[in-house]
Amino acid sequence: MHTIIAVSSEGPTLADAVDPRFGRAAGFVLVDPAGNVTYLDNGSSQAMAHGAGLEAARRLADAGASVVLSGVVGPKAAAALKAAGLTAVEGFDGRTVGEAVAAYRAGQAG
């Protein structure tokens, strides 16, 4: 499985907290199957008056992500993620990015 997991995050590392917001998250930590971590800053989407979730979904699809872990994903963003072939899993707020990834890989929902 070559799943890249994207997690809405308040910072660039696995130790940072999951950002409960999807579209207006500070950024996204991307974790590949080998455990390599990259960070996608979401500052441009945060500044948008409308469509932040749609823009974030597009950027994550372009980055090769296939799963998104977050606190809450709004209905428009969820539809955009689904249309781009990404799976959104909600309810990971209150955890670190690393904890969210471990829980998802262990088959636990948010």
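## Charged partners

At 57% relative accessibility, Asp 62 counts as exposed (over 50% relative accessible area; buried means under 20% and partly exposed in between, with a 1.4 Å probe and protein chains only). Before going on, note that this is a predicted model, where local features need pLDDT of at least 70, side-chain atom pairs count only at pLDDT 80 or more, and totals for chains, interfaces and linings use all residues. Residues are numbered from 1 along each chain as its sequence is written, and side-chain values use heavy atoms, leaving out hydrogens and water.

Asp 62 has a partner: its side chain meets that of Arg 58 in a salt bridge of 2.7 Å, N to O. The term stands for a side-chain nitrogen of Lys or Arg within 4 Å of a carboxyl oxygen of Asp or Glu. Both residues lie in helix H2, 4 residues apart, about one turn of the helix; helices here are DSSP runs (H or I, at least four residues) and strands likewise (E, at least two), numbered from the N terminus. Arg 58 also forms a salt bridge with Glu 55, at 2.6 Å, N to O. Arg 58 is partly exposed at 41%, and Glu 55 is partly exposed at 21%.

Now turn to Asp 19, in the loop between strand E1 (5–9) and strand E2 (27–31). Is Asp 19 buried or exposed? Asp 19 counts as buried, because its relative accessibility is 1%. Its side chain meets that of Arg 21 in a salt bridge of 2.9 Å, N to O, and Arg 21 is partly exposed at 42%.
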